[in-house]
Amino acid sequence: MTTASSARAWQRMLSGRRLDLLDPSPLDVEISDIAHGLARVARWNGQTRGDHAYSVAQHSLMVEIIFRQQNPAALPIDLLLTLLHDAPEYVIGDMISPFKAVVGGGYKAVEHRLEAAVHLRFGLPPHPSRELKVKIKKADTVAAYFEATELAGFSQEEARKFFGLPRGITREMLPLEPMAALEAQAEFLNRFHALDTQRVTGVST
């Protein structure tokens, strides 16, 4: 019989890494695993229109686009932290906000540790500054409004109630057509590498 003390607390990744959920090491984090996982985790518990699930990878790309529009002077490191804002979900999945509220602090503690491991693996601060976190959340909320109204069946009135009315961002600016998993995975990887190169070299790619 499996006891709490003997229960497996790690996940094997396709890269071969074993990531300990209770004490995640940056050495066990690979961007290929993150992109693969996020491209296969569905936003809105999969309750979206289209032939494909709307993935966390695609959502992350959209949030980074919105963040750039809202913060034109942002540094590559800020854009990279924005792209990775939901990176822990490659391990723990995308838990919808109402359920996060029910689960409480345990989920947040695991998410916090995973975020630090991911960021440290790529030479980033363990966590965004409070100011940057607020800006990322603002972009994330705009993304949620458009996802809710275009994909998840919310009325505009309902979405405004929960997410507010976006300003300066229109539906035409955003990649809202759900991508196949392999496409979302490739797009996420390409954007990560472009931003990481720009951060290290100072040269846009």
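Student: Why is R43 called buried in this predicted model?

Tutor: R43 has a relative accessibility of 11%. Buried means under 20%, so R43 counts as buried.

Student: Where is R43 found, and which residues is R43 in contact with, leaving aside neighbours within four places in sequence?

Tutor: R43 belongs to the loop between α1 and α2. Its contacts beyond four places in sequence include T48, Y54, S55, V56 and H59, and also D86, D94, A144 and E147. Contact here requires heavy atoms within 4.5 Å.

Student: What makes E157 count as buried or exposed?

Tutor: The relative accessibility of E157 is 62%. Exposed means over 50%, and therefore E157 counts as exposed. This residue lies in helix α8, which spans residues 156-163.

Student: How far apart are E157 and A73 in sequence and in space?

Tutor: E157 and A73 are separated by 84 residues in sequence, and their C-alpha atoms are 32 Å apart in space.

Student: Which residues of the largest nonpolar core touch the most other members?

Tutor: That core has 52 residues, and I34, L84, Y90, F122 and F188 touch the most other members. Helices that each supply at least two residues include α1 (31-38), α2 (56-70) and α9 (181-201). The largest share, nine residues, comes from α7.

Student: Which residues does F188 touch, not counting those up to four places away in sequence?

Tutor: F188 touches I31, I34, A35, L38, A57, S60, L61, L83 and L84.

Student: Why might nonpolar side chains be found together?

Tutor: In soluble globular proteins, nonpolar side chains tend to be buried together.

Key:
Residues numbered from 1 in each chain as written. Predicted model: local features only at pLDDT ≥ 70, side-chain atom pairs only at ≥ 80, totals over all residues. Heavy atoms only, no water. Core = buried A, V, L, I, M, F, W, Y, C linked by side-chain atoms within 4.5 Å. Buried < 20%, exposed > 50% of the residue type's maximum accessible area, 1.4 Å probe, protein only.
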